[in-house]
Amino acid sequence: MSEKPVINYGLEGIYVDESSISKVDGQNGRLWYRGYSIESLASQSNFEEVSYLLLNGRLPSKQEYEEYTKKLRERRGLPKEVIDVIRVMAPVSHPMDVMRTATSMLVMYDSDPNNRDLEATKDKIITLLAKTPTIAAATGRFREEKKYIPPDISLGHSENFLYMLSGKKPNEFEGKLIDLMFILHAEHSTNASTFSVLVTASTLADVYAAITAGIGTLKGPLHGGADEAALNMMNAIGNPDNTEKYIEEALEGKQRIMGFGHRVYKTYDPRAKLVRNYLEESLTKEPSDEVRRLLQIALRAEKLMVDKLGATKGIWPNVDFFAGPLYRVLGIDSHLFTPIFVASRTSGWGSHIVEYWHNNKLVRPVEWYVGSLDTPYVPMDMR
Ligand SMILES: CC(C)(COP(=O)(O)OP(=O)(O)OC[C@H]1O[C@@H](n2cnc3c(N)ncnc32)[C@H](O)[C@@H]1OP(=O)(O)O)[C@@H](O)C(=O)NCCC(=O)NCCS
């Protein structure tokens, strides 16, 4: 019998590849996309440019940017059958289930879905980037029994998403907020969903299959679903004065506080800092009572958690903690938070597919078998 190997549960600390897409520095709370700090991209760039950067490895020239954004704008519309399926599913299914199904359907409209040439792959990713916000917005409309709003080609990528969802063209500050969320969620190295995308891509399945796998993985509350779960918790707390009692009791009951903790960041997530800053800025713009209340709860919860678990266990707010209140500034329903994450993360997922296929290797880890061997088979009528 050979000796039991070290088992890395959850693949913690295991390097699976080299990558030049993003760097997460978990000790110092830093994040770079293709070498650019997340702070510089959040303040100076926009999602279109960031997604180009991730996909192509460098910032676009003016002409490249115009060609790229033209494709993104022109491809925003959805085929009628996809809209019909969203209409059927949206009132009864979670928007992430709708997103997963509608995204998977898009393979039908690709005449050459298995083409893995570099330019063909990037082109499919641009199509998915263009259409996933429309899927999310249409889902939000149909959930509330409202009419589908077709995309407006004159608007920027994330602004158009808000317009399709609300029917109103966002003002400059609202446009900045939604674009910020698209930028911050665009990429984060080999997290669970990106790894899932790569596992699927490594079998040489098509781009749609790989992205659909990523959507399924992102849904869980330990990953992308944490933003919705964190807002649900803030709503359950209700009154800011209940915050400390609620959190203390939850911790005593060994519950996890959603929006805190991270496998890689053992300090403040830099994206959470950016969201918090913009959220505080939104207080100067006459926010609703709901947003004021949520922010008070969030800040009190943050203080308690950081005092209790920050230094001792390295548990700090992650990007999902302040995301919910910020989406509420924009009036976005909590069920749509994770589908927005999909619309943004499609750029990171797609960039990883391109990188991985450059030197593809089937993903196939091993398990240490602890069951029995050569068990005698017993026919059913003798069991
Ligand atoms: C993200 C997450 C899964 C990473 O966890 P991990 O690196 O695998 O760490 P573990 O699950 O092993 O937790 C380590 C310890 O911290 C505690 N812990 C981790 N996250 C916690 C949280 N959010 N609230 C309370 N305790 C937490 C665990 O209970 C565990 O305590 P123990 O050592 O006393 O048993 C985890 O922090 C979590 O569940 N967070 C909440 C969900 C979330 O916000 N996800 C979004 C991530 S961007």
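Trainee: Which residues of strand E2 lie on the covered face, and which lie on the uncovered one?

Mentor: Leu31 and Tyr33 make up the covered face of E2. Arg30 and Trp32 make up the uncovered one.

A word on the ground rules. Residue numbers start at 1 along each chain, following the sequence as written. The model is predicted, so local features need pLDDT of at least 70 and side-chain atom pairs count only at pLDDT 80 or more, while totals for chains, interfaces and linings use all residues. Helices (H or I, at least four residues) and strands (E, at least two) are DSSP runs, numbered from the N terminus.

Now the sheet around E2. Three strands form an open sheet in the order E1-E2-E3, with antiparallel pairing. Strand E1 (22-25) and strand E3 (36-37) are the edges; each has a single partner strand, so one side of each has no neighbour in the sheet. Strands pair here if DSSP finds at least two bridges between them.

Take E1 and E2 next. Their antiparallel pairing runs over 4 bridges. Asp25 stands opposite Arg30 in E2. Val24 has Leu31 in E2 as its bridge partner. Buried means 20 or more other C-beta atoms within 10 Å of the residue's own; exposed means 12 or fewer, and partly exposed is in between, with C-beta atoms placed from the backbone. The hairpin of E1 and E2 has 4 residues between the strands, and Gly29 there takes a positive phi near 65°.

On to E3. E2 and E3 run antiparallel and are joined by 2 bridges. Tyr33, on the covered face of E2, stands opposite Tyr36 in E3. This second hairpin has 2 residues between its strands. Arg34 sits in the turn, with a positive phi of about 50°.

The assignment, automatic or from a database, gives domain 1 (10-186 + 206-219 + 333-357) and domain 2 (226-329). Their centres, taken over C-alpha atoms, are 25 Å apart. Contact means C-beta atoms, placed from the backbone, within 7 Å. By that rule, 20 residues of domain 1 are in contact with 23 residues of domain 2. On the domain 1 side, strand E2 (30-33), helix H1 (38-44), helix H8 (172-184) and H16 each supply at least two residues. H8 gives the largest share of that side, 5 residues. By class, the side has 10 nonpolar, 7 polar and 3 charged residues. Ala, Val, Leu, Ile, Met, Phe, Trp, Tyr, Cys and Pro count as nonpolar; Asp, Glu, Lys and Arg are charged; the others, Gly among them, are polar.

Then the core. The largest nonpolar core has 102 residues, and those with the most contacts inside it include Met181, Leu184 and Val275. Such a core is a set of buried Ala, Val, Leu, Ile, Met, Phe, Trp, Tyr and Cys residues joined through C-beta atoms within 7 Å. H6 contributes the largest share of this core, 10 residues. At least three core residues come from each of domain 1 and domain 2. Leaving aside neighbours within four places in sequence, Val275 is in contact with Leu184, Val319, Phe322, Ala323 and Leu326.

Tyr327 is in helix H15 (residues 319-329). Tyr327 counts as buried because 22 C-beta neighbours lie inside 10 Å. Not counting residues up to four places away in sequence, Tyr327 touches Ile332 and Phe337.

Last, the ligand. It is surrounded by 15 residues, and Arg256, Phe260 and Arg263 are among the closest. A residue is near a molecule if its C-beta atom, placed from the backbone, lies within 6 Å of it. The shell divides into 6 nonpolar, 5 polar and 4 charged residues.

How values were computed:
Contact = placed C-beta atoms within 7 Å.
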